[in-house]
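Hello,

Here is the structure for your files. My notes follow below it.

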Amino acid sequence: MNTAKPARKYVPQPEGLNLEFHQACLAAGLLCLQQCSGCGQFRHPPRWYCPSCHIGNYGFAPVSGIGRIYSMAVNHFTVDRGWVDELPYITAVVELDEGPRVVGSLRGVQPGEASLGQQVHVSVEPRGEEFAYICVNTV
Ligand SMILES: [Zn+2]
């Protein structure tokens, strides 16, 4: 009889700009991206200065979450026992309609059913006070 407790997924503890990103997503319950206060361009991952106009003023604002699969990988192994029950799972890079790319866990499809360019919706799933999983959902 196996009496071991099910493993929990590791939850990162973000710091600095990454913490600001996760806190914005958690507060809104939506995917939020860093947005330049000067030119309005969204960027991800968060950076101190805008790559377009080079100013350091920024905020975080909700985005549509709509995008297309830019790249993906099927994971058949994991070093985090918390993910074992979900193997094989897909990690996808999504190019958002707003421009930036985000990385998340693709849900709702089996490996082989997803394709590059497929439209998806990115949402966030709270994990504690300071971290949100990035979830990629088929539409
Ligand atoms: Zn800018």
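Which strands close into a barrel, and in what order? Five of them do, in the order E4-E5-E6-E8-E7, with mixed pairing. From one strand to the next the twist averages 45 degrees. Strands here are DSSP runs of E with at least two residues, helices are runs of H or I with at least four, and both are numbered from the N terminus. Two strands pair if DSSP finds at least two bridges between them. Axes are lines fitted to C-alpha atoms, for helices over the stretch in contact, and angles run from 0 to 180 degrees between N-to-C directions.

On provenance: this is a predicted model, in which local features need pLDDT of at least 70 and side-chain atom pairs count only at pLDDT 80 or more, while totals for chains, interfaces and linings use all residues. Residues are numbered from 1 along each chain as its sequence is written.

Ile90 stands opposite Leu106 in E6.

Val94 is in strand E5. Val94 counts as buried because it has 27 C-beta neighbours inside 10 Å; the cut-offs are 20 or more for buried and 12 or fewer for exposed, with partly exposed in between, and C-beta atoms are placed from the backbone. Buried residues make up 20% of the 139 residues in the protein chain.

Regards
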